[in-house]
Amino acid sequence: MRAFATQSLLALTTLWMLSALIFLGIRILPGDVAVAILGQGATEESLVALRHSLGLDSSAWQQYWLWLNQLLHGELGNSLTTNAPFGPVLLGRLGNTLELALLSTALVVPLSLLLGVVSVIQEGRGFDRACNAVVLFLLSMPAFLVGYMLIVSLSVSIDLFPSLSIVTQDMAVGGYLWAMTLPVLTLTLSVLPYIVRMTRGALLDVMQAPYIEIAVLKGLPRWHIVVVHALPNAVGVIIQTIALNVAYMVAGVVVIEQIFVYPGLGQYMVDAVGKRDIPVVQVVALFFGATYIILNRLADSFSRNSNPRLKGEA
């Protein structure tokens with residue numbers, strides 16, 4: 001319990017430091033927000049009036065504490081470009097991003113675990129060597145290149161899937177899944193090699209344990225040893241890897257959403273950066289950071305509870 005309280009306090013402290021870094025990082029970007037909103041032809045008087053109305057003429061610390069106080073009271077603020085609360089728009093975009101991440105997770109997790117386990121069962125054989133070659137190839141491919149290759153091969157060449165993933169609330173399930181295929185495949189292929197590689201490595205480490213040698217001497221088949229004896233003891237490392245990659249799916253979809261023009265949170269953030277819409281950028285960036293922190297904390301807690309040697313420290 002004490003360790004849980006310590007870890008929770010550490011997570012909150014990390015989140016607070018992240019909010020400060022996001023705020024300062026955005027403030028040092030070149031350009032003037034007032035000029036970006038009113039345009040280059042705006043008069044100095046109108047620029048001064050706008051800066052005052054937005055609170056941009058106060059000190060950085062005052063602006064930061066005002067923003068932090070709003071967040072603590074559940075107020076996201078107004079968009080600078082529309083001068084209206086952006087909470088409803090953000091929630092809609094967040095739902096789209098979570099749908100993309102959940103669909104990709106539902107595909108990549110069982111597939112990665114299956115490939116990793118079978119690779120260890122077939123260690124040194126043709127399947128293992130082929131799987132390692134594919135994993136290394138995918139590791140060397142950035143997500144945007146995977147996306148463009150899928151567009152060229154599956155959309156332009158054979159016109160099987162749409163290159164733009166435009167989804168609406170009234171779409172049928174079949175049409176929705178058809179439009180989501182390419183971004184889901186891109187996200188899956190970008191994350192799959194990391195989970196496969198870590199699953200294989202964790203299982204091979206456990207396979208060196210003395211009790212595994214005893215199981216081998218008893219004549220148990222290798223698949224039984226890997227699945228029944230090795231996998232439960234490697235689950236902590238595997239869960240941590242999955243959690244971090246799921247966090248990447250949520251927070252790392254910015255490039256993928258831009259490629260496929262998918263109306264998610266990542267594209268919303270990129271548009272806000274181009275318009276210098278500071279409140280939107282701050283909140284979205286903080287959400288992405290909080291996703292990493294929370295999932296990492298959950299993975300650490302699960303690893304401790306799944307390991308008898310660490311359970312007493314949780």
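Which residues line the largest cavity? Select A20, F23, L24, A60, W61 and Y64. A cavity here is a set of points on a 1 Å grid over the protein atoms alone where a 1.4 Å probe fits but cannot get out, and lining residues have an atom within 4 Å of a point. Helices α1 (2-27) and α4 (60-72) each give two or more residues to this lining. The space inside is about 50 Å³, a volume being the space filled by probe spheres set on the points. The structure holds one cavity of 30 Å³ or more.

**Ground rules.** This is a predicted model: local features need pLDDT of at least 70, side-chain atom pairs count only at pLDDT 80 or more, and totals for chains, interfaces and linings use all residues. Residues are numbered from 1 along each chain as its sequence is written, and side-chain values use heavy atoms, with hydrogens and water left out.

**Color by confidence.** The pLDDT (the predictor's confidence in each residue, from 0 to 100) averages 83 over the chain, and 91% of the residues score at least 70. Helices are DSSP runs of H or I with at least four residues, numbered from the N terminus. Go to helix α6 (residues 126-139), which has the highest mean pLDDT among the elements, 92. Then go to helix α14 (residues 308-311), which has the lowest, 52. Where pLDDT is low, the predicted coordinates should not be read in detail.

**Salt bridges.** There are two to find. Each pairs a side-chain nitrogen of Lys or Arg with a carboxyl oxygen of Asp or Glu within 4 Å.

Select R200 and D128. Their closest N and O atoms are 2.9 Å apart. The pair links helix α8 (residues 173-206) to helix α6, across 72 residues. R200 is buried because its relative accessible area, 19%, is under 20%. D128 is buried too, at 3%.

Next, select R222 and E123. Their side chains meet at 2.8 Å, N to O. R222 sits in helix α10 (residues 222-251), and E123 in the loop between α5 (87-121) and α6, 99 residues apart. R222 has 32% relative accessible area and E123 has 40%.

**Nonpolar patch.** Finish at F144, L145, Y148, M149 and V255, which make a nonpolar surface patch of about 440 Å². Patch residues have over 30% relative accessible area and no salt bridge, with nonpolar side chains joined within 5 Å. Helix α7 (residues 143-157) gives the most, with four residues. Pick M149 in that helix: at 41% relative accessibility, M149 is partly exposed.

Key
Patches are made of residues with over 30% relative accessible area and no salt bridge: like charges are joined within 9 Å, nonpolar side chains (Val, Leu, Ile, Met, Phe, Trp, Tyr) within 5 Å. Accessible areas come from the Shrake-Rupley method with a 1.4 Å probe; for residues, only the protein chains shown count as cover. Buried means under 20% relative accessible area, exposed over 50%, partly exposed in between (1.4 Å probe, protein chains only). On a 1 Å grid over the protein atoms alone, a cavity is a set of points where a 1.4 Å probe fits but cannot get out, and a pocket is an open set with protein on both sides within 12 Å along at least five of seven lines; lining residues have an atom within 4 Å of a point.
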